[in-house]
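Trainee: I am new to this structure. Please show me how to read it, one feature at a time.

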Amino acid sequence: MESLRGKVAIVGAADTQVGIVPELGATQLCIDAVRRVLDDAGIGKDQVDGLVTCNSMAEPYMYHAEAMAEYLQIFPRYCISVGAGGGTTFSILHHVASAIVTGLCDTVVISMADSLRSGLSREQALLMQSATGHAQFEQPYGATVPAYYALIARAHMARYGTTQEQFARIAVACRKHASLNPSAQMRDLITVEDVVNSRMIADPLHLLDCSLVSDGGSAVILTSAERAKDFPHPPVYLLGVGEGHGHEHISQAQSLTTSAAVESGQRAYAMAGLGPADMDFAQLYDCFTPTVLLELEDLGFCEKGEGGAFVESGAIELGGVLPVNTHGGLLSHCHPGNPGSMFALTETVMQLRAQAGERQVAGAEVAMVHGQGGIMSSHTSLILGRENA
Amino acid sequence: MTDHSGKIFPVPTPETAPYWQGCHEHELRLQHCRGCGQYQFYPRIICSGCMGDDLQWVAVSGVGEVLSFTLVRRAVSAAYSSEVPYVVALIQLREGPTMMSNVVECDPESVAVGMPVTVLFEDWSDAVSIPKFRPRLTGGE
């Protein structure tokens with residue numbers, strides 16, 4: 001089988017304003033992200049022949065990507081909207097890379113946006129997200145999304161002795177990074193004590209173990225490695241990608257403490273010919289703090305069961321061996337729902353272009369970017385690098 | 001009967017109706033595959049073990065243990081608010097399958113991973129009863 005390694009690159013990356021952005025609805029955020037990413041890549045909309053979006057919860061369309069193409073008055077030959085839970089945001093990037101390599105399209109914009117904060121009430125947002133549970137066999141029990149993830153956290157604590165304070169270290173690290181990011185929604189530094197003393201939402205998850213509810217949009221442009229050299233910024237190459245799919249509903253998970261990130265990571269490492277020790281930083285899906293801990297283990301950055309000690313050592317903070325979520329992540333940068341993973345991608349591009357300002361990882365050349373969707377259900381791992389070698 | 005209006009009621013389908021009928025009769029029933037011997041939950045038209053379709057509904061023990069749990073303190077909607085903190089748990093049944101449920105009739109703070117539990121049924125309406133679990137005293141079983 002022919003490998004995608006090094007065949008496709010990201011040549012544009014941009015975010016809209018994020019956080020609380022009531023002046024733009026979900027549609028306008030998606031379009032604003034497109035406008036910004038075209039500027040970043042230095043091309044016009046007529047050069048785009050592929051468009052990928054995700055549907056919005058606040059302003060849903062039956063056929064979202066078609067609606068955005070119409071709004072933009074572009075007429076692509078590849079046009080699709082995807083479900084885009086955290087994992088599918090990157091699995092669609094996998095598919096787009098394949099589409100470019102097989103000649104379906106040349107220059108593809110992926111733009112995702114939503115306004116969960118301003119476009120929905122708190123109650124609407126809570127209920128819509130809880131609908132991820134099984135309608136007959138989970139939802140009647142009154143479970144919330146934090147509750148589903150709390151089941152994972154509790155299982156890890158029971159099996160490996162992981163503590164609430166260790167989970168809290170992840171929130172602290174993300175906030176530290178967000179404090180260095182002028183775009184982030186939450187920038188005031190927090191401590192482990194602040195996290196464990198914040199309101200309990202679903203034991204053992206406190207308010208500050210939970211990601212934000214935000215407005216925002218983000219977009220990237222992908223093209224072939226050959227064409228990528230013609231753009232103003234240095235290309236960021238796709239060196240490896242892999243997916244793993246374990247379940248949809250958490251009550252059907254094969255394991256609560258080991259996820260299909262094991263498979264997605266192995267597949268991505270194999271394509272790239274690289275391993276965990278080669279990664280200069282990582283962006284790991286952090287809808288709740290325990291997901292980062294499991295992903296660190298499942299992606300091979302530490303042994304299974306050692307995630308707590310790993311984060312406690314400071315390894316995931318800027319200056320540590322593996323800075324994680326250098327923009328602040330979903331915990332502190334922003335989380336508008338389906339588009340959430342996109343900001344990890346654009347941040348990775350900025351880091352690999354050495355444009356990340358105060359939070360720049362010195363000499364960053366290769367990174368792991370991992371997204372998961374559902375309740376640790378679907379996983380995609382990307383390995384991105386500044387050199388196509 | 002306690003007022004359960006506003007809660008998220010299960011809507012049985014032809015595939016799941018025998019399960020909910022069992023609950024209505026206060027009996028926990030699972031599908032058992034006569035081809036490979038596997039019990040499965042949730043109900044399916046095929047056996048997820050062997051893809052066979054020789055499935056039989058059988059009453060099961062209703063006992064199991066807590067695989068994991070959480071205390072929900074921010075209810076999913078107003079209809080559940082009066083019960084906070086309530087325990088959402090994954091129960092591994094003796095027959096093998098895992099199901100989500102609530103652990104009730106105990107101090108929520110006393111629930112632990114590995115706790116033995118047994119099924120009971122909460123009547124939400126004349127037609128719908130929901131399987132829940134309570135701590136099971138072990139030793140004298």
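**Reading the sheet**

Mentor: In chain A, 9 strands build an open sheet with mixed pairing, in the order β3-β2-β4-β7-β1-β8-β11-β10-β9. Strands (E, at least two residues) and helices (H or I, at least four) are DSSP runs, numbered from the N terminus. Two strands pair if DSSP finds at least two bridges between them.

Mentor: Some ground rules. This is a predicted model: local features need pLDDT of at least 70, side-chain atom pairs count only at pLDDT 80 or more, and totals for chains, interfaces and linings use all residues. Residues are numbered from 1 along each chain as its sequence is written, while chains are lettered from A and ligands numbered from 1 in the order in which they are written.

Trainee: In what sense do β2 and β3 of chain A pair?

Mentor: Strands of a sheet pair through backbone hydrogen bonds, either parallel or antiparallel. Here β2 (residues 50-54) of chain A and β3(A) pair in the parallel sense, over 5 bridges. Val52(A) stands opposite Ile80(A) in β3(A).

Trainee: Which strands does helix α1 of chain A touch?

Mentor: Two residues are in contact if their C-beta atoms, placed from the backbone, lie within 7 Å. Helix α1 (residues 26-41) of chain A packs on the sheet and touches β1 (8-15), β2, β4 (108-115) and β7 (215-224) of chain A. Its direction makes about 40 degrees with that of β7(A). Axes are lines fitted to C-alpha atoms, for helices over the stretch in contact, and angles run from 0 to 180 degrees between N-to-C directions.

Trainee: What does helix α9 of chain A lie across?

Mentor: Helix α9 (residues 261-272) of chain A lies across β8 (236-245), β10 (366-373) and β11 (378-385) of chain A. It runs at about 150 degrees to β8(A).

Trainee: How many residues does the contact take from chain A and from chain B?

Mentor: It takes 24 residues from chain A and 29 from chain B. On the chain A side, α4 (122-130), α5 (145-160) and β5 (200-202) each supply at least two residues. The largest share, 6 residues, comes from α5(A).

Trainee: How is chain B divided?

Mentor: Into domain 1 (11-60) and domain 2 (61-141); the bounds come from an automatic or database domain assignment. Their C-alpha centres lie 20 Å apart.
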